[in-house]
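Please view the sequence and the model together.

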Amino acid sequence: MLQDKESSFVFSNDMISDAQDILITNRIAEDFLQNQYLKKNLDIKSIWVLGVGTIMAGPFIGWNWGVGEAGPLGMLVALIIISFYYFVFFLTTSKLSVLFPYMGGPYAYVRQGLGSFWAYWAGVLTCFEFIGGTAAVLAAFRNYLAFVNIGYSTLFYLSIFILLLVNLQLFNARVMTFVHYCFTSCALGVLVIFLLGTSEAVQSTNLLAAAPPSFGWQEILNALPFVSLFFLGLENITMAAEEVRLPERSMPNGLYIGFFTAVVISFSIWYFTVGSVNWQLLKAIEFPLLFTLEQVQSQDKVLLSIFTVMSSVGFIAGLQGFINGYSRQVYALSRGGYLPSFLSKIHPTRKTYHFAILVPGAISLGLSYMVSIKLLIIVAFYSAILVHLLVIISFIRIRNSEPEFFYSYRRVYFSALLYLTVIILTSIILGFVYNYFFVNWKIIISAYTIISLYYFIWGVKNIRQEAPEEAAAALKMRRNRIRFLK
Amino acid sequence: MEAKKQYGSQIEKDICDLNRLGYAQELYRTIGGFSNFSITFSVISILSGLLFLYGDGQQLTGNRNIWTWGVVCFFQIILALALGEIASIYPLAGGVYKWTERLSNNRSMGHFCGYFSIIGWIACTAGIEFGMGIFLTLYLGLDYNNPWVILGITGIIILLHSLINIYGIRIVAWFNDFSVKVHIIGVVILVSLLLIFGQRNSVSSAFFIRDKFTGGIVAQFAQPLLMSAWTLMAFDAAASVSEESINPSKVVPWGMFYAVVVSAFLGVILLISLNFAMPDLKQPLDTKMPFSLYIIQQTTGPTIYKFIMGFILMAQFAAGLSSQTVLIRILYSFSRDNGLPFSKLWRRVSSRYDTPVYSVFLAGTVTFLLILLSHNLYFIASISTMGMYLSYVITLGVAILGHQKINENYGSFYLGKFGASIRLISFLWTLFIVGFIIFLSFGKMERFTWL
């Protein structure tokens, strides 16, 4: 790794001819770190906020479309499936994020396990997930403000978005995390108010008796993208590793606590919402929690007023989390040379990556106007699924090639969990192919071709070997060929 | 690294200071300035004391009760300054009784003061825990009229506090820091809600509403004064963890002072907002519910009320924990000086947890016994106020007589030429409070029946 700068070393890149060795000297490594240095000021609480804050918008929007697809029990099954594979995904990333504590997150892990092409794809798909998520939350927030009849809602919503971007751009990660912490805590408080408000309205008949007419795997697969809103973006935590103090302790703890929080939120929201009203009423609603409260607490005007106003905090927290996610990933890909280098420029004093925040932000703003929320959610979800699959396959490959780092991860039951997750993720992708690929194959093939061509024509030639993800990968994958220069 | 070194050398200096005062460092010294402030702030706990006794003041003086808070705050700040100066000279676990002993050079005088202090702290801890037991029983919807249910809930709370205190001071410190957040956020949310949704009265009526007094003005103000005095006391809590604090000579007095000032400010805005939101005065007095909770419920509705209650309960839990922590430290300190029967047992510090485990058992048992025997929150509150203020009276009296010693040995917190007058005002104030409690409150015990 680059931190070990006692000696210069030579390594070869797997994508470049073996004869073409690249020399990384101390000076190059130090210059790179000097230019790309990010402050290490995040702790467990901060990374928990990054993850949980990102999923805060999910409970307020759209997950109920999953109930419409699969019914209450079908949604519960979908929730269990998603919780299970996120659990396994976090088990793997808790190890990977300690071994490779780089901003790239999924891109960094896949780079170690599957090489630069798939790493590039992992990075791009992560960008899709987070930019799509940002656009979905923005669109939902706009609709929400219109729904609650706030005058000049579009202007208001744009102002908040710009304010957030400026906030992120102007202040350092610590200030940003504090602001995010406040928003996330408020959003959690709003969820607690919702649970208290519906606690006496839950009926088992709503949860169990009202099975949909066509309860089956097809419906559950259709429900998955919407149900995933409870977890979508939680992997944001892995991308903060480079800015974390003591990653070997903070990363696993942050990931597990974040996952546990998401599980508690998702299952309790399912129980109290679906249990309080007839699921048929939830099918076409855009804001399920507000709708449910209006149904069961119609007399309590104070509660409804507070909930309506404070729900917007959930959107803002989610928005901030998604902005964090895409900016980190875009920055890492740009730093690695896959995307144009201006995107990884760091502000000299504040150490923030303003272009990586603003450019994708503008794209997601445009998408929020052009694409429907449902489509944005579906794109974000399947991008996330592909990323998770790539990461888990990478984990298996890294574990097999360097078993000394994975002693406790080589037990039989853990392997069984991994392979079961690969099967589940593959099935979900097959479901995607069945549902969407044949209908939209021209668009999907074109997008795949363009993105891959970009890599082969431009990206591969500009990979910067001094980027930590690249250097670590080369060091690992060609370990036996490294010649240390004294 | 530099900070670590600085910390290390400060701890060494604190240990030397303690050795100079005649004691070895046995407890784990980890508490910083903020945690020290947090302990005192948690014990004062305006979300516990003010909310519980608010109705009692309202019954007699109406919205005028807010003025007693102002008066008490003013004098308590002066009292905090006076005690802070002494704490800065003698940063020892045990607080007031150690100060009295050192200032008077008389062990018996110290012990005499210490017994009142211990009685005060036992009752203070019992009051908070029993109050929380009542609130929690209400919150959980259990049988509120069955005292055994309340006792059972209170017993569980005491057990949890004891376990946390055994397990270690770091968890207590974490809870105290958490308590500060809960109190500040809780008060901000509560005040905002009351001001937004509960503006039932005009600005002037929030301070003066009430047609006429039905008795003597002094007698009428005695009860609201108890509300304020009971809530805003026990700020010598910071002193009790002196031997676990880093740089106690500085952080203890400032912790006391800031805790009183912040609590006073939050208390004012809380009382004003409650007075603003108060519905028809006759209506709530007919209910069995504590008056403040009734106002909150009427203003915010049942769901938001439950949410706010969550904050109040968390604040009370942290307050009870802090209070028990202080009580344990005083018991430990007292037994270290052979001031209690079986002192050898109570002063034993667990090598595994670095906490005086047997003192924890003693504190838990005694508080539970007091609750079991008295069954009356207002009685416990009065005992607590009387015990604590009497110990302050003794300490301040000794300090006035031994002012030479303070002027010669002053620590980081020194009042200079104002010291003498501040001590005198504080002494008269504490004497006045004790007189009020003894002659007015105990004389009217029939009004305090809760169960």
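The points below are grouped by topic.

This is a predicted model, in which local features need pLDDT of at least 70, side-chain atom pairs count only at pLDDT 80 or more, and totals for chains, interfaces and linings use all residues. Residues are numbered from 1 along each chain as its sequence is written, and chains are lettered from A and ligands numbered from 1 in the order in which they are written.

**Chain A**
- Chain A has 17 helices and 3 strands (DSSP runs, H or I of at least four residues for helices and E of at least two for strands, numbered from the N terminus).
- Of the 486 residues in chain A, 50% are buried (20 or more other C-beta atoms within 10 Å of the residue's own, with C-beta atoms placed from the backbone).

**Helix α14 of chain A**
- This helix covers residues 354-370 and reaches 25 Å from its first C-alpha to its last, close to the 24 Å expected at 1.5 Å a residue (1.5 Å times one less than the number of residues).
- Its buried residues include A:Phe355, A:Ile357 and A:Pro360.

Note on methods: Buried ≥ 20, exposed ≤ 12 C-beta atoms within 10 Å, placed from the backbone.
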